[in-house]
Amino acid sequence: IGDSITSAGSGYAVMTPMILNADFVNISRSAIALRDGKSYFPNGGAKYGMESRFKCYESVIGKSTEYDSMPSTPFNFKDEYDIICVNLGTNDKLINGVDADDSIDFMNRYNAFVSMLHEKYPTAQIVCIRPFNGGAEATADRKAENANRRTIFEKMKNDGVFSAEYLHYWDTSALELPYINNPPGDVALHPTYIGHQMITKALIKYMTEEGLIRECDIDNINFDDLQASGHYGAAWQGDAA
């Protein structure tokens with residue numbers, strides 16, 4: 001469950017289940033925030049975030065500008081999943097400090113979202129992914145906000161938000177990824193294809209360490225054989241250079 005990083009056609013959210021030979025569903029949408037009305041797109045924030053759109057089948061269908069219409073067809077919550085990965089927060093505007101009302105609102109609604117997932121899928125293990133760092137070419141505002149977001153997730157961890165037996169917190173702070181540079185706009189937010197390979201390897205190793213999956217020979221995977229039809233920008237191509 002995520003935004004454009006999770007939507008990448010040859011991204012980690014596709015390659016990970018392919019390597020594990022697992023059935024999967026990708027519920028994601030470019031520019032979507034966790035919270036209603038808090039996205040960067042369009043200006044002023046999209047009316048609905050994933051907290052609302054997740055409950056509808058059409059949440060990932062339609063033009064990218066159609067963010068103010070709410071779909072009506074609900075998910076079939078009778079589906080069952082072994083593992084649910086949540087990668088949300090990159091598109092929530094979090095410009096104030098960790099103790100600000102908006103930051104506290106994000107933490108409360110993130111907690112409510114994963115609690116809702118547990119209610120709908122009580123047998124699933126939920127992996128909460130801390131949003132990635134962003135690259136050196138990101139705007140100064142984005143760099144400052146990424147740092148604030150890291151502090152927010154650290155506070156959630158310290159406050160016990162991820163302490164339930166069914167929750168697992170993957171701290172991605174150690175991942176130094178190559179990012180796509182798309183000047184002159186908001187740059188260095190989307191990992192390159194090589195970056196997605198790095199995420200895939202690290203996520204599989206994390207889930208193995210957590211006992212969520214059996215051991216996998218991830219170091220000998222041929223990622224070129226897994227490359228799907230590139231979907232999001234250049235997420236499927238390029239390297240650190």
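Contact means heavy atoms within 4.5 Å. With this criterion, the surroundings of individual elements can be described in the present structure, which is a predicted model.

The protein chain comprises 6 helices and 3 strands. Read from the N terminus, these elements follow the order α-α-α-β-α-β-α-β-α. Of the 241 residues in the protein chain, 49% are buried. The accessible surface of the chain amounts to about 11600 Å², and carbon and sulfur atoms contribute 47% of that area. Among contacts in the protein chain with a separation of 6 or more, 66% are formed by residues 24 or more positions apart.

Helix H2, which spans residues 12-20, was examined in detail. This helix is largely enclosed by the rest of the structure, because 7 of its 9 residues are buried. The buried positions in H2 are Tyr 12, Ala 13, Val 14, Met 15, Thr 16, Pro 17 and Ile 19. Their cover includes helix H1 (4-7), strand S2 (125-129) and helix H6. Just after H2, a positive phi of about 55° is found at Asn 21.

The packing of H2 against H6 was considered next. Two packed helices are described by the angle between their axes and by the distance between those axes. For H2 and H6 (residues 193-209), the angle is about 50° and the axes lie 9 Å apart. H2 is therefore oblique to H6, and the crossing of the two helices is right-handed. On the H2 side, the contact involves Tyr 12, Met 15, Thr 16, Ile 19 and Leu 20. On the H6 side, the contributing residues are Tyr 193, His 196, Gln 197, Ile 199, Thr 200, Leu 203, Ile 204 and Met 207. The residues of this contact consist of 9 nonpolar and 4 polar residues, with no charged residue. Tyr 12, Met 15, Thr 16 and Ile 19 of H2, which take part in the contact with H6, are also listed among the buried residues of H2.

Ile 1 belongs to the segment before H1. Its relative accessible area is 12%, and the residue is therefore buried, the cut-off being under 20%. Beyond its neighbours within four places in sequence, Ile 1 is in contact with Thr 6, Ile 27, Met 50, Phe 54, Ile 84, Cys 85, Val 86, Asn 87, Leu 88, Phe 113 and Leu 117.

Conventions:
Residues are numbered from 1 along each chain as its sequence is written. This is a predicted model: local features need pLDDT of at least 70, side-chain atom pairs count only at pLDDT 80 or more; totals for chains, interfaces and linings use all residues. Side-chain values use heavy atoms; hydrogens and water are left out. Axes are lines fitted to C-alpha atoms, for helices over the stretch in contact, and angles run from 0 to 180 degrees between N-to-C directions. Helices (H or I, at least four residues) and strands (E, at least two) are DSSP runs, numbered from the N terminus. Angles under 35 degrees count as roughly parallel, over 145 as roughly antiparallel, 65 to 115 as roughly perpendicular and the rest as oblique. A crossing is left-handed if the near helix is turned anticlockwise from the far one by less than a right angle, and right-handed if clockwise. Ala, Val, Leu, Ile, Met, Phe, Trp, Tyr, Cys and Pro count as nonpolar, Asp, Glu, Lys and Arg as charged, and the others, Gly among them, as polar. Buried means under 20% relative accessible area, exposed over 50%, partly exposed in between (1.4 Å probe, protein chains only). Accessible areas come from the Shrake-Rupley method with a 1.4 Å probe; for residues, only the protein chains shown count as cover.
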